[in-house]
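Here's a quick, friendly tour for anyone opening this structure for the first time. Have a look around before reading on.

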Amino acid sequence: MLRIAIPYGMLSSRQARRLARISRDYDKGYAHVSTRQNLQMNWPRLEEVPDILAELAGVEMHAIQTSGNCIRNTTTDQFAGVAPDELEDPRPWCELIRQWSTLHPEFAYLPRKFKIAVCGSTTDRAAIHTHDIGVELVANDAGELGFKVLAGGGMGRTPVIGAVIREWLDKKHLLTYLEAILRVYNQHGRRDNKFKARIKILVKAMGVDAFREAVEREWQALVDGPTTLTEEEIARSRGFFSTPDYEAFDGEAAEARLAEAGTANPIFGNWLKRNTRGHKIPGYRSVTVSLKATGFAPGDVTAEQLELVADLADEYSFGEMRTTHEQNLVLADVAMDRLLDLWHELQGAGLATPNIGYLTDMICCPGGDFCSLANAKSIPVAEAIQGRFDDLDYVYDLGELDVNISGCMNACGHHHIGHIGILGVDKKGQEFYQVSLGGSQSKDASIGKILGPSFKREDMPDIMERILSTYVTLREEEETFLDTYRRVGIEPFKERVYAAAD
Amino acid sequence: MRRLIRDGAIVEDDWLPADESARAEDGRICTLEQWQELDSKHGSAVQVEPGEGVTALLPHLDAIALVAINFPVFSDGRGFSYARELRERGYQGELRAVGDIIRDQMTYLRRVGFDAFQPEDQSSLEAALQSLADFSEFYQASIDQPLPLFRRRR
C-alpha cells in the first residue's frame, strides 16, 4: 500500500488528475481516501514506486511521513476558510505545522506515530479531542485569538479524550510549544510495548499536571527563541490561502432561487439539503461529494470519478477540492445558481448519494480485504448495513448518525468516536464484531461504551436494526441518536439487542 | 580496528568500544556507570544508552572529550534528543552516534549535533558518508542550523 500525503486535505485539480493517472497506470484504477485526509493506493508494484514518487513530485506531492513513528499529516476542517462558524482559517497554522514537522531531525523516530489536528471553528470537524495533539483556536478574556492545546487523546486499543494542557497560547508560540511537547514525548514515551507507546499513555502515567509541568520546563528553553513565529511568516503562510475571486451575489435572492429550484425538483432539493452546507460568502455553498454510494467501499474513488471531480472543481469551484476525514470529497466554493448543473454532473457519476452525516455515510477502514493488520473485514459489513438501510426516508428519519467501522484495534475507522462504533475482532480464526454506542467526535467528545458480547458478521444488519429501532422507540421529540443514548444510557439498548438474540 | 565517519571523512577509531564487563582503562569509552566512578572526567569518553539521559553529564561538559550515544535499535530515537540537548548546553567535544544507525538517519543525526558516526554495519560507511549530503535545505531549526528557514528567507 502506498499512502500519499494530502496536507490538511487540500488538492488542486491538477494534482487530482495526476493521482487519477497514477491509480490507472500503476494500480487498479481507483484510490481510497483515508481518515487522515490522505489517499491510499492498495496495489502498487514495489519496483514501480520510484516512478510513482517521481510522478507525484511533478505536482508537488509526496509520501513523506505518511507511515512510521513520526509526525503524520496534520488534519483539519474540510470546510476551513469557508465555514460560517469559523473564528479563523486553520489552514495557515496547519501549513506552519507541516513545514516544521517535515523531516524534523529530532522527531523522526518517536515511540509511535504522532497525529496533530487543528480546529478553527465553533463546531469541531477535525476530531481534535482524539488526536495526540489537538489545537483549537479560542479567544482569551481579552478577546484575542490564540490556541487551546490538548494532548494525549487517541483511539486504538486504549481510547482517550485529550487533556487540556494549555488553556490559551499566544499564536506566535505555536511551534515552540509543540516542540516542547514532542521533546517530552520523545524522551519519556514508552518504547517497550507498542500498545503503550502513544503519548496518551505517557500523559496518563505521568498525570496531566506533571506532564504539563514537564512541557513547561522544556518550553522555557524554547520560548521566544528562533522558532518563535514572526508576523511576516504568519502573513506569508496566510498568503497561501488567499480568498478566491468570488462573484458578488445578492445572497437572499440567490437563496430564494435555489429554494425554488429545490422545490421544482425534489430529488435535487433533497441532495441540496443533505450534501450542501452554508458558506461565508453570500450566494455560495460548499458541496460534499459522497464517496458512500451503496455497493462501493466507503471512501473509494475511481480514476474516472477523480478526473470528473477535478473537471468539476475547475468548472465550479476555483480549481480546488478537498478530502475529508469522513472519507468524502468537498467542492468548497460553488455558486448557488450553479448547484443544479453540478448536481446533474455528480449524479451521472454516482457521486451524489444524498447521505452526508446520515447512517449510510459510514467511516470505514480498508479492513481485512486490503490491510495486513486487520483482524476482520470491514467493507462487507458497511455494504451489508448500507444494503439493509436502503430506504432513504427511514435513514433521514434517524437523523444525524455517525457509524464508524474498524477492522482491528488500531481503530483507523475511528470506531470509538462513532455514535455507533463497530470493531472487527478475531475469535479463534473467525470474524466477529463488537459494537459500542455513544461515541462522539465533536466538542462534546466521548468514547463509545461496549454494548456486550460481539456478533457474527451476517447478524450485523439485524443488530443495527435493533439498535436503531430501540432509539426510534425511546427518542423524544428532536432527539438525535446521541441525545437519546446520553439520556437513557446503554441498558435499554443492551436489553433489546440481546433479548432478541436469545 | 573499527572505523567511523568523523568530520566528514572515514577514519580509524582511536578509542576502544564501551564494554560493561571490561575494566575502565585509558583509551576505552566508559559506560555511564564506569564513567561516574572516574575521579577526573578530564579527557574522558562516555557512552550513553537510551533511557539514561544526559543529566549526569551536564556539569562536566567542558571536561569530556567524547560522548558516544548508542542506538541499540535504529527505531529508538531518544538519542536524537540527547544529542540536541548536549549541544544546546554547550558541549563542544566529539559527539558520536554508535550502534544500529542506518543510512536514512545520517542527515537527522548530523542535524541534531553528531559529528561522528559509527554504524555497527561497517560495510556501509561509504554510503553513509554520502548520505550526509542527501538534503540541502531544511524548514526547521536544529543544531547545525539554529535559524528556521523563515528567518533566513530574503
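Two residues are in contact if their C-beta atoms, placed from the backbone, lie within 7 Å. Keep that in mind for what follows, and bear in mind too that this is a predicted model.

## Two helices that cross in chain A

Let's start with helix 3 of chain A, which covers residues 91-101, and helix 7 of chain A, which covers residues 231-239. Their axes come within 8 Å and cross at roughly 110°. That makes helix 3 of chain A roughly perpendicular to helix 7 of chain A, since angles of 65 to 115 degrees count that way. As for handedness, the crossing of these two helices is right-handed.

Which residues meet where helix 3 and helix 7 of chain A touch? Helix 3 of chain A brings P92(A), E95(A) and L96(A), and helix 7 of chain A brings I234(A), S237(A) and R238(A). Sorted by class, that contact has 3 nonpolar, 1 polar and 2 charged residues.

## Buried stretches in chain A

Now for helix 5 of chain A, residues 199-206, where I199(A), K200(A), I201(A), L202(A) and V203(A) are buried. Those buried residues pack against strand 8 (145-151), strand 9 (163-169), helix 4 (174-188) and helix 6 (208-220) of chain A. Just past the end of helix 5 of chain A sits G207(A), with a positive phi of about 90°.

Helix 9 of chain A, residues 266-275, has its own buried set: F268(A), W271(A), L272(A), R274(A) and N275(A). What covers them? The cover includes helix 8 (251-264), strand 10 (276-277), strand 11 (284-289) and helix 11 (339-348) of chain A.

## Where the chains touch

How many residues does each chain put into the contact between chain A and chain B? Chain B gives 21 and chain A gives 19. On the chain B side, helix 2 (78-88) and helix 3 (106-111) each supply at least two residues. Helix 2 of chain B gives the most, with 4 residues. By class, the chain B side splits into 11 nonpolar, 5 polar and 5 charged residues.

## A glycine in a chain B loop

Last stop: G90(B), found in the loop between helix 2 and strand 6 (94-99) of chain B. Is G90(B) buried or exposed? It counts as exposed, because G90(B) has 9 C-beta neighbours inside 10 Å and the cut-off for exposed is 12 or fewer. G90(B) and L16(B) are 74 residues apart along the chain, and their C-alpha atoms are separated by 25 Å.

Technical notes: Residues are numbered from 1 along each chain as its sequence is written. Chains are lettered from A and ligands numbered from 1 in the order in which they are written. This is a predicted model: local features need pLDDT of at least 70, side-chain atom pairs count only at pLDDT 80 or more; totals for chains, interfaces and linings use all residues. Axes are lines fitted to C-alpha atoms, for helices over the stretch in contact, and angles run from 0 to 180 degrees between N-to-C directions. Angles under 35 degrees count as roughly parallel, over 145 as roughly antiparallel, 65 to 115 as roughly perpendicular and the rest as oblique. A crossing is left-handed if the near helix is turned anticlockwise from the far one by less than a right angle, and right-handed if clockwise. Ala, Val, Leu, Ile, Met, Phe, Trp, Tyr, Cys and Pro count as nonpolar, Asp, Glu, Lys and Arg as charged, and the others, Gly among them, as polar. A residue is buried if 20 or more other C-beta atoms lie within 10 Å of its own, exposed if 12 or fewer, and partly exposed in between; C-beta atoms are placed from the backbone.
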